[in-house]
Amino acid sequence: MLEGVLFFPVTPFTATGDVDLDALRRHIAAGVDAGPGGVFVACGTGEFHALDVEEFTAVVRTAVEATGGRVPVYAGAGGALGLARRFARAAAEAGADGLLLMPPYLVQAPAAGLVAYTREVAGETDLPVIVYNRANARFDERSAAEVAQLPTVTGLKDGTGDLDLVARIIPAVRDALDGTGKQFQFFNGMPTAEASQLAYRALGVELYSSAAFAFAPDVSLAFHRAVEEDDQKRIDALQRAFFHPLVRLRQRVPGYAVSLVKAGVTLEGLDAGPVRPPLAPLAPQEVEELAAIIAEGRAVVAS
């Protein structure tokens, strides 16, 4: 079972657009040294949507090597069903410890279709699978309970922000698994999850993905400690100085949830390269704004 702050690394690219495996290796090794509870590679922040299967395989293999067994490595899988199966098999062959099942391509799927999609992809390997409740892959109470009963499905990551729905899904899943002895985890997968984590925590959801960990692990971990210690003063200070400004910047342009993380990694001294189209990079003045936000967050940590 996962615990602590979950690290979602970027996928660095060279100036010519190729995957930079050496930069990725250094990025992940440094992140793991900082102390996350798990690495989720080639997922949303890692531009899963922009990787072909060969690139994906190399990225996952590099992440597994850089992590060295210190924490679990989960890899993204999703998109069109045939490709999703290939990504799942590639992740298993590259040594991943689990899968984060991303939404299927484009179509707005009915709940029964999502269950069938999850069953087919999860059946490709023996790896544990976390389903991602987001975008065009929105589970309801019944379908969430149904996928939770699949043998290898071990968690649900919520990126909808629909707390009313999450509050109903959690007991539905627990009731479905009651008496089975199966462990199942929920976690907050909203972009800049720290901004909403107190609300999710009130529902019993303690795990969350931290995009900020990729470029400011000290700030990310300080927030996590403050939440664990119920230090409301420190939580409020970090929200005002760092996470809320980060959300305002992120919401300025679609896709900035990835672009600003990659820019932050580069600001911290590791050239992560450009984002791939259709994402767009931050404007120069926005990179300066991001640098100021990081500085403000670190000032709070230092205090």
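Trainee: What should I know about the model before I start?
Mentor: It is a predicted model, in which local features need pLDDT of at least 70 and side-chain atom pairs count only at pLDDT 80 or more, while totals for chains, interfaces and linings use all residues. Residues are numbered from 1 along each chain as its sequence is written, and side-chain values use heavy atoms, with hydrogens and water left out.

Trainee: Which strand does strand 2 pair with in the parallel sense over three bridges?
Mentor: Strand 3 is that partner. Two strands pair if DSSP finds at least two bridges between them. Helices (H or I, at least four residues) and strands (E, at least two) are DSSP runs, numbered from the N terminus.

Trainee: What is the bridge partner of Val 39 in strand 3?
Mentor: Val 73. Between strand 2 and strand 3 the chain passes through helix 2, and this β-α-β crossover is right-handed. Right-handed here means that, with the strands pointing away from the viewer, the path from the first strand over the helix to the second runs clockwise.

Trainee: And how many bridges join strand 3 to strand 4?
Mentor: Four, and strand 4 (residues 98-101) runs parallel to strand 3. Ala 77 stands opposite Leu 101 in strand 4. The chain goes from strand 3 through helix 3 (residues 81-93) to strand 4, again as a right-handed β-α-β crossover.

Trainee: How many residues of strand 3 are buried?
Mentor: Five of the five residues in strand 3 (73-77) are buried. Buried means under 20% relative accessible area, exposed over 50%, and partly exposed in between (1.4 Å probe, protein chains only). Val 73, Ala 75 and Ala 77 point one way, while Tyr 74 and Gly 76 point the other way.

Trainee: Changing topic. Where does Glu 47 lie?
Mentor: Glu 47 is in the loop between strand 2 (38-41) and helix 2 (53-67). Its phi is near 55°, a positive value in a residue other than glycine. Most residues other than glycine have a negative phi.

Trainee: Why does Glu 47 count as buried?
Mentor: Because its relative accessibility is 0%.

Trainee: What is phi of Thr 192 near?
Mentor: Phi of Thr 192 is near 50°, also positive. Thr 192 sits in the loop between strand 7 (185-188) and helix 7 (197-202), and is buried with a relative accessible area of 9%.

Trainee: Last one. Which residues does a cis peptide bond join?
Mentor: Pro 277 and Pro 278, with omega about 15°. Most peptide bonds are trans. Pro 278 lies in the loop between helix 10 (256-267) and helix 11 (284-302).
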